[in-house]
Amino acid sequence: MSTPPMNFIERLGREVRRRRQEASLTVQELAEGAGLSRRMLTQIEQGTANPSLVTVDKIARALGVDFATLTGPSGSDPLHVSEPVEVWRSPAGSSALLRVASARRGGPELWEWTLRPGDRYQAQPDPRGSEELILVTAGTLILDVEGRPVSLAAGASVRLASDRPYGYAAPEDGAASFVRVVELGRYQA
């Protein structure tokens, strides 16, 4: 995985540290709660680590928030014009941009994904009751749900219960672009 823009990594580190300190947690306590090493969490807070989406999600859950809340801008302004944030980039050049997220915990997140030919992303199950709405905008997206691949051509849309193993892939002979709206289910304490 190549490195996302530094502003995202640095902002993430500052926000993790701020929320950890607000919760009166030590680095060790948060690391244990997230199932990470103390060293990894320290590197994330310092903005020197390149954590996976799964790692960021584990930290968010341990802090009692969701991914978008932890990684997005704060504020209660009724109108927020968002700049896209590249959250994931593969070695092959595939990418995931978080376009905008609801201010409501677990609320909708709007993502734009591009997968290069033959590239894939394997996701971890989201909290129970989570769903995604996906619209394929170009190419063919191969959506694999619990080991069952389904090919979706440009223009196809689908609702996915994302509280189970799933992944996205592009065929070997072509790229795939899609947008997804994610609505997370309730996090269990």
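Where does Ser 37 lie? Ser 37 sits in the loop that runs between helix 2 and helix 3, and that loop is a handy place to start a tour. Before going on, a word about what you're looking at: this is a predicted model, in which local features need pLDDT of at least 70 and side-chain atom pairs count only at pLDDT 80 or more, while totals for chains, interfaces and linings use all residues. Residues are numbered from 1 along each chain as its sequence is written, and side-chain values use heavy atoms, with hydrogens and water left out.

Let's take the overall layout. The protein chain has five helices and nine strands, where helices are DSSP runs of H or I with at least four residues, strands are runs of E with at least two, and both are numbered from the N terminus. Reading from the N terminus, the order is α-α-α-α-α-β-β-β-β-β-β-β-β-β. Of the 189 residues in the chain, 42% count as buried; buried means under 20% relative accessible area, exposed means over 50%, and partly exposed is in between, using a 1.4 Å probe and protein chains only.

Ser 37 is partly exposed, because its relative accessible area is 42%. Its C-alpha atom is separated by 9.5 Å from that of Val 27, ten residues apart along the chain.

Helix 2 brings Val 27, Gln 28, Leu 30 and Ala 31 to the contact, and helix 3 brings Arg 38, Leu 41, Thr 42 and Glu 45; contact means heavy atoms within 4.5 Å.

Leu 41, Ile 44 and Glu 45 are buried in helix 3. They cover an arc of only 95° around the axis, so they are on the same side of helix 3; the arc is that of the directions from the helix axis to the C-beta atoms. An α-helix has 3.6 residues a turn, so residues three or four places apart point the same way. The face turned away from the buried side of helix 3 carries the exposed residues Arg 39 and Gln 46. Just after helix 3, Gly 47 takes a positive phi of about 75°.

Arg 20 counts as buried because its relative accessible area is 9%. Leaving aside neighbours within four places in sequence, Arg 20 is in contact with Leu 25, Thr 26, Val 27, Leu 30, Glu 45 and Leu 63.

Now for the core. The largest nonpolar core has 44 residues, and those with the most contacts inside it are Ile 59, Leu 70, Trp 113 and Tyr 168. Such a core is a set of buried Ala, Val, Leu, Ile, Met, Phe, Trp, Tyr and Cys residues joined through side-chain atoms within 4.5 Å. Strand 5 (residues 131–145) gives the most to this core, with five residues.

Finally, Ser 151 lies in strand 6 (residues 148–153). Ser 151 counts as exposed because its relative accessibility is 55%.
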